[in-house]
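Subject: Structure for your files

Hello,

Here is the structure I said I would pass on. My notes on it follow below.

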Amino acid sequence: MSNYALISIIICYLAILFYIAFYAEKNAKSKWVNNPFVYTLSLAVYCSAWTYYGSVGIAANSGISFLPIYLGPVIATPLWIVVLRKIIRISKQHKISSIADFVSLRYGNNRFLGALITVICVFGIVPYISLQLKAISETFEIMTYETSYMSTNIFDDSTFYIAVLLALFATFFGTQTSDASEKHRGIVVSVAFESILKLLFFLIIGIYVTYFLFDGTSDIYNKISLTPNFESLTKINGLEAGFDWFFMMMISFIAIFLLPRQFQLSVIENTREKYLKQAIWMFPLYLLLFNIFVIFIAWGGKLSFGNSVNAEYFTLLLPLQNNHVFLALLVFLGGFSAVISMVVVSTLALSTMVSNNLIIPYGFLDKFIKGQPEKNSKYIKNIRRISIFIIIITAYIFYINFSIELSLYSIGLMSFVIISQLAPSFFVGLFWNRGSSKASIIGILVGFFITVYTLVLPFTIEAFTGIHDFTDHGLFNIAALKPYALFGIDFLSPPAHAFFWSMSANVLCYLIFSLTSKGNYRERNYAEMFVDSRNYSSLQDSALVWKGEAYVSDIKNVLNKFLGEERAQRALNLFFLKYKIPPNTQMADARLINFSEKLLTGSIGSASAKILIASVVKEEQISLIEVLKILEESKETIANNKILREKSEELSNLALKLKQANEELISKDKQKDEFLDTVAHELKTPITGIRASTELLMDEDNDMPSEIKAQFLSNMLNDSDRLSRLINNILDFEKLSKGKHELNIKQNNIKITIKQAISSVQQLAINKGIAIINDNLVDFVFSYDEDRIVQVLTNLLSNALKFTEPNKGKITIEYKMINNFVEVYVIDNGKGIPDEDFEYIFDKFYQSKNQNTIKPHGSGLGLAICKQILEQHHGKIWAKKSNKNGATFVFKLPFM
Amino acid sequence: MKKKILIVDDEPNIVMTLEYTFKKQDFEVYIARDGKEALHILENNSPDVVLLDIMMPNVDGYQTLQYIKNQDRLKQTKVVFLTAKNKASDIEKGLKLGADKYLTKPFSLKKIVSEILELLN
């Protein structure tokens, strides 16, 4: 394919991307632009040229070790719901625009920390970008058979123009507003589009290699398995390689959060938190699809070319070898897409950092304070534009001069290890409020220097001088300082080894210095806000640790400079409205200070915002002791409140208990009164009868007929009996209820006991013409007080007799054993128990309202006594509801 | 004309003595064994006096008194409680509800007769 044809195609392709980005920018609110798919696909910026070409190279040369780079993110995705959501929330609240901003804000807008992180990111990412340019250049060369990248004149080099086009693209869509925390929908949508293309084209070439050049996966496998060294390509080599895998996965786990381009797209460009729910399964799926054919392409390439060509470009070389130029072009465009998205997003993210965390806070602030609002905004945009160009040009220069000999894979990993130095400050700082800025700076610096010593330095020395002395013998020929085998750890691959040492030292420094040094009040306030992000707003609003003097008008002036008068006024009005502060307030309070800093953060970064605001605020340094005092006081108030609440709860509980006890007493008193009343009433009735009859019989001039006289005498007798029965019952009941009555427990036979009870009422039954049936002949011998059970049975039988009609009545007694209890049934065919009585029949002196017209004379204690007797036996008595006529009483006794 | 008395009590032994006594005093005696029966009798009869127990099944003495008080037809009927409830509060309650006399059990038949005759004259 000719040079110009390919360039035209590239320009056409870029034009399409411009159009898509433009469309998305114009329709930023459309649901085509805002949906979880676009969000997830944009995250696939992770798959750069390294993935697209590099994975195949690794797979061909060292087997499946390309995988951990994708397994790390897959493991990380479930955590997004918790961790990434928290990061997104905090970033939105603070108008964060980059990872440097995020970390420096966490440690109290530390200017130096922000700058340090920016430098580290630039150091780590620029070579990575240059690698992407190298990929374009090399693939361009393969497609056109030209050797432009060897040219000494950059203006002859097509890669240079491509780099410039990319810079233009990033500039155009990345710096539409001066507020970097604003969304860049155009870039996001074009990245998502490119993600589709690169996956699609990669799958096409995968299918092509596997099913057209070869006869499917098993064909490739069968052929490759015959080649020498095949074993080493398909397995993890022992425990040591396992460690390697582990560290690689950790590195990529961290990278998916911390790479500036990932942070940019997953956090800054996130429009809705809920997209995470889809992203956590779609993103791993994307990575899986991307990796399906890697191994087959690699094997296919190896079978076709052996070791004669660069395995990273098998995807291009295979179709070209078979004269499928169009297919090769698709692959080229897929790789080109991967490059564009990586380069554009990375430079955008880096340029924001460079401008907001390096250039503005360290040089241009004074200028801005004096400048006009329109000019300021223009300055900021220009700084960012220039940064983008400088970054891309630097990457280009780096590529021209250094990266010719470096593989995509090794530079990519180096970049990952450098970026991962931010991890302790980032992750631990999110969940641990003690982490301090000093510790963070020391940790990052130490980790960074170790990475340079153990990875960057030996790698570059070897690559450019070809001398292995440093690697083989260590610094000053000390074996323990061998960069690839520090202190004798020689079994890890260089990146894993560097990661292990740098990360250990980094974490250790971070923890030790965090524990030994406390940050200033500002830092601790922000730490609290980050760690406890749910209480963020209350922390932010109360902002209790601020002491100083500031005028609203001064702050307004600063805001005017950056936001323009109109926007500044609008924001302030909103603020006053929200907190119900009169708009003519003169002195600013802590909330306004915080609010203004937040407003400025998006434009100039948090560190600069702090410095700017501080310039108009006469802030008094609050000593740590004062801060602690304030915190203590608020803590004490909370604690006091808690104690008070507990006490009052205790008191009210006590009052409730007293009330209950009182009620119980009253109720007992009342019960006793009622009992006595009822006893008196029950006693009086027969006495009244006896007294009245006696009076009549005693009458002097008695002309009473003798049969009436006999009737009265008989009544007197009955009443007397009733009286004595009643008295006995009352005494029984009292004894039983006070537990004074001791049972006379012996082995008895229930059959005999029942017979005894029946015989005591037999005469009454015969008189009334009622049959008592007891057919059961089973002997159950167990322990109980026979007299008492006879009393119960007699009572139940008399009740049954009382409530059944003469001559028609029938009473049945049954008993059986159920669950180690002997249950005895007394069943009659009388009028039954009305529903309303059911609950009360075992209460003392309860007499049914529905008793027969002629009142059956009961003491009202019978069933109550039965109940007590059974309770003493650890048994139970109850009445059964039945549909049929009649009542059924059941009692059960434990069989023992 | 014979005076009419309605005796309402659920204790047959007691009723028997009262019945004998008032028949001897030349009263026309009606007997009810609870409030319900009493109301039934009162539908067709207007006795001069009702001797009323309080604690009875179905319809108690208070309810029976209420019924009598609400009937214009029974305006002339005197009501005498005859009950074992002898607490001061019970007596007060009974009189407040409109009973003409409140007598307690156990009782002297002679006293009952004199109290009722006094009430009727």
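Chain B holds an open sheet of five strands, ordered β2-β1-β3-β4-β5, and the pairing is parallel. The edge positions are taken by β2 (27-32) and β5 (101-104) of chain B; each has a single partner strand, so one side of each has no neighbour in the sheet. On average, neighbouring strands of this sheet are turned by 20° against each other, direction ignored. Please keep in mind that this is a predicted model.

Thr83(B) stands opposite Thr104(B), which lies in β5(B).

Helix α6 (residues 111-144) of chain A packs with helix α7 (residues 158-174) of chain A at an angle of about 135°, and their axes are 10 Å apart.

Which residues of α6(A) and α7(A) meet? From α6(A) they are Leu133(A), Ile136(A), Ser137(A) and Phe140(A), and from α7(A) they are Ser158(A), Thr159(A), Ile162(A) and Ala163(A). By class, this contact of α6(A) with α7(A) has five nonpolar and three polar residues, with no charged residues.

Regards

How values were computed: Residues are numbered from 1 along each chain as its sequence is written. Chains are lettered from A and ligands numbered from 1 in the order in which they are written. This is a predicted model: local features need pLDDT of at least 70, side-chain atom pairs count only at pLDDT 80 or more; totals for chains, interfaces and linings use all residues. Axes are lines fitted to C-alpha atoms, for helices over the stretch in contact, and angles run from 0 to 180 degrees between N-to-C directions. Helices (H or I, at least four residues) and strands (E, at least two) are DSSP runs, numbered from the N terminus. Two residues are in contact if their C-beta atoms, placed from the backbone, lie within 7 Å. Ala, Val, Leu, Ile, Met, Phe, Trp, Tyr, Cys and Pro count as nonpolar, Asp, Glu, Lys and Arg as charged, and the others, Gly among them, as polar. Two strands pair if DSSP finds at least two bridges between them.
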